[in-house]
Amino acid sequence: MTATLKFNLPDEDSFHYDAIHATEYRMALDEIREMLRSKVKYGHNYESTEQALEEIYHFVCSAIQECYGFPE
């Protein structure tokens with residue numbers, strides 16, 4: 001079986017980028033999923049919703065930056 005993706009570059013450059021970096025997207029999502037699962041399973045020490053959201057936000061930014069080299 002063969003699959004071929006075709007893009008009209010440069011018009012579809014962002015779609016092309018997403019397709020060739022799908023593995024990195026998956027890796028980042030798996031890291032985020034595992035972090036959230038761990039917090040649910042083992043608990044956390046957050047004192048407020050804001051503190052939890054801030055840590056999760058920074059973790060997501062870090063996972064994206066690590067996988068793609070994007071700035072935070």
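Arg37 counts as partly exposed, at 38% relative accessibility (buried means under 20% relative accessible area, exposed over 50%, and partly exposed in between, with a 1.4 Å probe and protein chains only). This is a predicted model, in which local features need pLDDT of at least 70 and side-chain atom pairs count only at pLDDT 80 or more, while totals for chains, interfaces and linings use all residues. Residues are numbered from 1 along each chain as its sequence is written, and side-chain values use heavy atoms, leaving out hydrogens and water. Here is a friendly tour, starting with the fold and moving on to the charged side chains.

**Overall fold**

- The chain has 3 helices and 0 strands, where helices (H or I, at least four residues) and strands (E, at least two) are DSSP runs numbered from the N terminus.
- Following the sequence, the pattern reads α-α-α.
- With a radius of gyration of 17 Å, well over the 11 Å that the globule rule gives for 72 residues, the chain is more spread out than a compact globule; the radius is taken over C-alpha atoms, and the rule is 2.2 Å times the number of residues to the power 0.38.
- The C-alpha trace spans about 50 × 30 × 15 Å along its principal axes.

**Surface and contacts**

- Of the 72 residues in the chain, 14% are buried.
- The accessible surface of the chain is about 6100 Å², and 56% of that belongs to carbon and sulfur atoms (areas come from the Shrake-Rupley method with a 1.4 Å probe; for residues, only the protein chains shown count as cover).
- Taking contacts between residues at least 6 apart in sequence, 49% join residues at least 24 apart, with contact meaning heavy atoms within 4.5 Å.

**Charges and salt bridges**

- The chain carries 6 positive and 14 negative charges, and their mean positions are 13 Å apart; Lys and Arg count as positive and Asp and Glu as negative, without His and the chain ends, and each charge is placed at NZ of Lys, CZ of Arg, CG of Asp or CD of Glu.
- Side chains of opposite charge can pair when their charged atoms come close.
- The structure holds 5 salt bridges, each being a side-chain nitrogen of Lys or Arg within 4 Å of a carboxyl oxygen of Asp or Glu.
- A network of salt bridges links Arg26, Asp30, Arg33, Glu34 and Arg37.

**Pairs within helix α2**

- Arg37 pairs with Glu34 in a salt bridge whose closest N and O atoms are 3.3 Å apart.
- Both Arg37 and Glu34 sit in helix α2, 3 residues apart, which is about one turn of the helix.
- Glu34 is partly exposed, at 32% relative accessibility.
- Asp30 and Arg33 also meet through their side chains in a salt bridge (3.8 Å, N to O).
- About one helical turn separates Asp30 and Arg33, because they are 3 residues apart in helix α2 (residues 22–42).
- Asp30 is partly exposed with a relative accessible area of 27%, and Arg33 is partly exposed with 46%.

**A link between helices**

- Glu55 and Lys39 form a salt bridge, with 3.4 Å between the closest N and O atoms.
- This pair connects distant parts of the chain, 16 residues apart: Glu55 is in helix α3 (residues 49–68) and Lys39 in helix α2.
- Glu55 is partly exposed, with a relative accessible area of 37%, and Lys39 is partly exposed at 27% relative accessibility.

**A cis peptide bond**

- Most peptide bonds are trans.
- Leu9 and Pro10 are joined by a cis peptide bond, with omega about 5 degrees.
- Pro10 lies in the segment before α1 (13–20).
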